[in-house]
Amino acid sequence: MTEKHVKQIEAQLAEGEKIERMYRAFEGDIRVITKDHGKETRYTVIHNPEDDSVTLRKM
């Protein structure tokens with residue numbers, strides 16, 4: 001993941017949501033865990049190789 005991808009992820013988060021941690025899952029994909037006032041949300045990152053962008057999918 002590049003800084004560009006992290007900025008794209010942050011732009012897709014709801015207002016007030018902050019990235020808590022990111023990691024590579026056993027299945028090979030990247031996971032993002034966010035927190036908003038103590039509430040935790042988990043996402044899977046989908047890489048779009050055509051334009052080198054990333055999209056979040058809520059788990």
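Here is a quick briefing on the fold, the core and the charged contacts of this chain.

This is a predicted model, where local features need pLDDT of at least 70, side-chain atom pairs count only at pLDDT 80 or more, and totals for chains, interfaces and linings use all residues. Residues are numbered from 1 along each chain as its sequence is written, and side-chain values use heavy atoms, with hydrogens and water left out. In brief, four strands make an open antiparallel sheet, and helix H1 packs on that sheet.

**Sheet and helix**

- The strand order is S1-S2-S3-S4; helices (H or I, at least four residues) and strands (E, at least two) are DSSP runs, numbered from the N terminus.
- Strand S1 (18–24) and strand S4 (53–58) sit at the edges, and each pairs on one side only; pairing takes at least two DSSP bridges between two strands.
- From one strand to the next, the twist averages 30 degrees.
- Helix H1 (residues 3–12) touches S1, strand S2 (30–36), S3 and S4, where contact means heavy atoms within 4.5 Å.
- The direction of H1 makes about 40 degrees with that of S4; axes are lines fitted to C-alpha atoms, for helices over the stretch in contact, and angles run from 0 to 180 degrees between N-to-C directions.

**Nonpolar core**

- The largest nonpolar core has eight residues: Ile-9, Leu-13, Ile-30, Val-32, Tyr-43, Val-45, Val-54 and Leu-56.
- Such a core is a set of buried Ala, Val, Leu, Ile, Met, Phe, Trp, Tyr and Cys residues joined through side-chain atoms within 4.5 Å; buried means under 20% relative accessible area, exposed over 50%, partly exposed in between (1.4 Å probe, protein chains only).
- S2, S3 and S4 are the elements that give two or more residues to this core.
- Leaving aside residues up to four places away in sequence, Ile-9 touches Met-1, Ile-19, Met-22, Val-32, Val-45, Val-54 and Leu-56.

**Salt bridges**

- The whole structure has five salt bridges, each a side-chain nitrogen of Lys or Arg within 4 Å of a carboxyl oxygen of Asp or Glu.
- Lys-7 bridges to Glu-3 with the closest N and O atoms 3.9 Å apart; both lie in helix H1, four residues apart, about one turn of the helix. Glu-3 is exposed, at 52% relative accessible area.
- Arg-31 pairs with Asp-29 at 3.2 Å between the closest N and O atoms, and Arg-31 counts as buried because its relative accessibility is 15%.
- Glu-27, Asp-29 and Arg-31 are linked in a salt-bridge network.
- Arg-42 and Glu-40 meet at 3.1 Å, N to O; Arg-42 is partly exposed at 37%, and Glu-40 is partly exposed at 35%.
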